[in-house]
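Open the model in your viewer and keep the selection panel at hand. The tour goes from the whole chain to single selections.

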Amino acid sequence: MSFQPNAGDEMVINGVLYRVGQHPAAPGLAYAQAGRQGIVYQLIPASGQLHEAKALKVFFPKYRIPAMVYQSEMMEMYSESPGLQVCRRDVLTPERNESLIAEHPDLLYAVLMPWIYGHTWFDIMTDQRRLLRGESLALAKGLAAIGSGMEQRGLAHCDLSAPNVMLPFFSEVELPEPRSVVELVDIEQMYSPKLDRPDVLLAGSPGYAAHRTVQSGLWSGYADRFAGAVIIAEMLGWCDPQVVEKAWGESYFDQPELQNPCERYFILKNSLERNWGAKTAELFARVWESQDLSSCPTFGEWLVLLSTMTENSENADESVTEKQDAVQPAQSPEPLISASSPALRPPAAPTARRFVAAAAERAAALTKGEEAASGDQDVVNRLFHQARELESSGNLNGALEVYKSAHHFVSDGSPMEIELEAAIRGLESELNPPGPDRKQAKVPFYQSRKWLTSAVVVILLLAGTAFAVNQIVADHSPGKHMEAGAGTKPGGEKAPAVPDTAQTDQKQAEADRQAELQKQEAARKEEEARKQEEARKQAEAQRLQAEQQKLEEARKAEERRKLQDQYAVQAKYDAYLQQQKEKAKKKAAERKKLQEMYQKQAQYEAYLAYQQQKEAKARAEVEAARKAAEAKAQQLKQKRSGQVVQLIAYYNQAFNAQRGGNIERARSYAKDFARLYEQDAAYFKSVGKVGTRASAIYKFLSNGSYSLPDV
């Protein structure tokens, strides 16, 4: 890319002056981080705090998609969710940032978002930096909470990996509260029912992508469950030096090891069981052995399990078991998403004996110190806020179930109990409105709250009464009276006898009975006052809930209006895109037609060149043949000329020998003449007087007395 700024370079985006940040480990160089889809630069506002820095993500050409504008507008609503701060995005478009894009064309559809300080989980792993137990728990719980919140809203990151998990928990910059210990980045592939499917789907990152689904790409509400569970397990195991030493490198597992039996899996599983309890190891085993992403445990299950743990808990298994038994209806957070799930069906009605036993346990728990109550407070607050989020998102069944789960942890008569009961009644009345043809289902007496409270009070009274009766019996036993009658004064004198012991006992019993009646009356009045106060608070809570519901309806109406406006803008944009596609299609057809014409012209020109080459070759062959014939004729002519001269010489030699009387020599020359003449007799016959000489030679050879003429 041509956009390569230097540290300190200035640029104005949407009216704000920014300076490119300097890399802390390389002074003089711009602070930039490269990813799979682009490069992220740090921009620091010229007039602002350091924690207000922005991240400018410049995409590679393949990922510069105009629809990023609409996607960012839709993501804005998720920016207030924990861990999704980068959903607050601003896309650079030609309409709003014309001059900046004209100067730097690579900034087309670049995204401006908050800069997340801190290390990535990738940095922690590659540096093999071992964590403290409390740090491991805080990071794992933070990631589980983010994943649980996203699942409840139908969201998924779809590319969870070590480089995409930021840890403001280790930030070197002081950040304002509230802040999340974990933040997610690179959310361009995020799944939401309200978002369009990306043009390019990623198949997950090595070391975190489930191999059974990696071939088809990841874009669904379940996409984060496997990768998120692996990262949570890594975080929990990173306080164990054996796990840190066995890590593969950029991730704990190598990609081929995923969901296969291997040494690293057993080391990590044993570490989880040893340090965090058997329940944690079992949850990780479910992930490892899952056949698809939907069968992996939800983030809610991880969060419920991790919320029961503390930094210094020595027996995590027992605490987990106790909490899970207490939250029996909420063992799996999946009912928060689907109201038709079997987990939402009411449990079978227990017997009165089981409820009495449960009431006795709760009564005994009330007599313990405040330590146990404070241990459940975090769970109550978390479940309460989780139910509020579900209620605001419209998942009333899930919210009702979470309210009921939180109700198990609150103490009787507390403000939280009153608020929870009001919320439960409000949701039940909204989900099951009484109609003219519908009678309200009668709750069995042993399941009613009033009956349980009465059972607890009776058990406490029975326990207290038994103790009091034992004391009275011990005080008025015969042995006591005999000892009192036989008692002596301090001076050794005998004490005077009690005049009427039976009458005194009767008066004492009557006084005790009156005192007990007064206590009961006071308790009754106190109970009536508490009920009146509770009714007042319930009415107030219902009023507040009604007002909140009206505000929520107004907010939803405003959101629907905004969505409608966005849909209208998107429709216009889609029409524009369709028009552009039609133009592009028409231009492509024209280019194709021209290409065909050019191709035919090229073929014709190639044919002409071939014909010319062929004709030239034929002419060359004819010329070569002609020249060869001429050369051959010239050579034959020269040969014949020599042969004619030789024939004349043979004849003259034969003539001279005959005249000299040497007939034998004359005959020899005559034979030589005849042999040479017969090689080309037709030609020699037509040359001069060679034919005459030949006739004389033949006569001489046939008649030795023939006299050769002088030719």
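Predicted model: local features only at pLDDT ≥ 70, side-chain atom pairs only at ≥ 80, totals over all residues.

Residues are numbered from 1 along each chain as its sequence is written, and side-chain values use heavy atoms, with hydrogens and water left out.

**Whole chain.** Colour by secondary structure. The chain has 20 helices and 10 strands (DSSP runs numbered from the N terminus: H or I of at least four residues, E of at least two). Of its 711 residues, 37% are buried (under 20% relative accessible area, 1.4 Å probe, protein chains only). Among contacts (heavy atoms within 4.5 Å) between residues at least 6 apart in sequence, 67% join residues at least 24 apart.

**Arg-89.** Select it next. Arg-89 sits in the loop between helix H1 (68-75) and strand S6 (90-91). Is Arg-89 buried or exposed? Arg-89 is buried, at a relative accessible area of 8%. Now show its polar contacts (N or O pairs within 3.5 Å, within protein one able to donate a hydrogen and the other to accept it; sequence-adjacent residues count only if both atoms are side-chain atoms). Its side chain pairs with that of Glu-188 at 3.0 Å and with that of Ser-72 at 3.5 Å. Leaving out residues up to four places away in sequence, Arg-89 also touches others, including Met-68, Val-111 and Ile-187.

**Helix H5.** Select residues 225-237. Here 13 of the 13 residues are buried, so H5 is largely enclosed by the rest of the structure.

Methods:
Buried < 20%, exposed > 50% of the residue type's maximum accessible area, 1.4 Å probe, protein only. Expected span 1.5 Å × (residues − 1).
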